[in-house]
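Hello,

Here is the structure I said I would pass on. My notes on it follow below the model.

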Amino acid sequence: MHQKTYTVSEATKKIEYYCAYQERCHKDVISKLKEMRMIPEAIDQIVAHLIIHNYLNEERFAQSYARGKFNIKKWGKNRIVSELKQRGISNYNIKTALKEIDEQAYLETFDKLSKKRLAAINETNIQKKRKKLADYLFYRGWERHLVYEKITELVQ
């Protein structure tokens with residue numbers, strides 16, 4: 001099987017498009033360039049070009065990621081932080097990203113999500129019901145103290 005090879009300028013154009021389409025982190029871009037069989041020197045050169053021309057900005061990526069996962073997937077801060085860490089985002093950029101989430105909206109979303117999930121749980125045993133709700137909210141990355149308070153409030 002013959003795999004297409006790219007010149008540095010072809011790869012740069014392709015990656016510029018890749019970054020313009022959606023915010024990307026350095027890790028995504030580097031793995032994409034490796035898939036394109038680019039050598040390490042070319043990868044460094046292209047990544048530097050993307051940063052200089054503002055196609056690649058880790059802080060902007062982290063902010064966009066945090067907003068998106070919270071607004072669309074209803075993830076809590078723990079899950080967002082964990083996913084950003086896996087992508088090699090610095091603690092500074094993670095803190096900046098979390099500031100994108102309005103605290104009031106965060107708590108309202110958590111409340112709605114908890115009530116909606118509780119209504120969907122068909123379980124008569126109170127302990128099992130509590131556990132199912134807790135597991136769901138922890139998986140989504142909501143903080144322990146919020147989850148336990150909400151379960152105490154909702155499941156009697």
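**Salt bridges**

E16 is buried, with a relative accessible area of 10%; buried means under 20% relative accessible area, exposed over 50% and partly exposed in between, with a 1.4 Å probe and protein chains only. Before the rest, the conditions: this is a predicted model, in which local features need pLDDT of at least 70 and side-chain atom pairs count only at pLDDT 80 or more, while totals for chains, interfaces and linings use all residues. Residues are numbered from 1 along each chain as its sequence is written, and side-chain values use heavy atoms, with hydrogens and water left out.

E16 forms a salt bridge with K13, and the closest N and O atoms are 3.4 Å apart. A salt bridge here is a side-chain nitrogen of Lys or Arg within 4 Å of a carboxyl oxygen of Asp or Glu. By this rule the count comes to 11 salt bridges. K13 and E16 both lie in helix α1 (residues 8–21), three residues apart, about one turn of the helix. Helices are DSSP runs of H or I with at least four residues, strands are runs of E with at least two, and both are numbered from the N terminus. An α-helix has 3.6 residues a turn, so residues three or four places apart point the same way.

D135 is partly exposed at 37% relative accessible area, and K131 is exposed at 52%.

The salt bridge of R60 with E23 has its closest N and O atoms 2.7 Å apart. This pair links distant parts of the chain: R60 is in helix α4 (residues 58–71) and E23 in the loop between α1 and α2, 37 residues apart. Both count as partly exposed, R60 at 26% relative accessibility and E23 at 22%.

**K150 and helix α9**

D111, K115, K150 and E153 are linked in a network of salt bridges. Within helix α9 (residues 144–154) is K150, which counts as buried at 10% relative accessibility. The side chains of K150 and D111 are joined by a polar contact of 2.5 Å. A polar contact is a pair of N or O atoms within 3.5 Å; within protein, one must be able to donate a hydrogen and the other to accept it, and residues adjacent in sequence count only if both atoms are side-chain atoms. Not counting residues up to four places away in sequence, K150 touches F110, D111 and S114, where contact means heavy atoms within 4.5 Å.

Which residues of α9 are buried? They are L146, V147, K150 and I151. Seen down the axis of α9, these buried residues fall within an arc of 125°, so they line one face of the helix; the arc is that of the directions from the helix axis to the C-beta atoms. R144, E149 and T152 are exposed on the other side of α9. The cover over the buried residues of α9 includes α7 (103–120) and α8.

**Aromatic rings**

Rings of Phe, Tyr and Trp (its six-membered ring) pair if their centres lie within 6.5 Å; planes under 30 degrees apart count as stacked, over 60 as edge-to-face and the rest as tilted. By this rule the count comes to five aromatic pairs. One of them is the tilted pair of F70 and Y106, at 5.6 Å centre to centre with 35° between the planes. F70 is in helix α4 and Y106 in helix α7, 36 residues apart, and the pair links distant parts of the chain. Both F70 and Y106 are buried.

The rings of F110 and W142 have centres 5.0 Å apart and planes at 40°, so this pair is tilted. F110 lies in helix α7 and W142 in the loop between α8 and α9, so the pair ties together parts 32 residues apart in sequence. F110 and W142 are buried. F70, Y106, F110 and W142 form one aromatic cluster.

Regards
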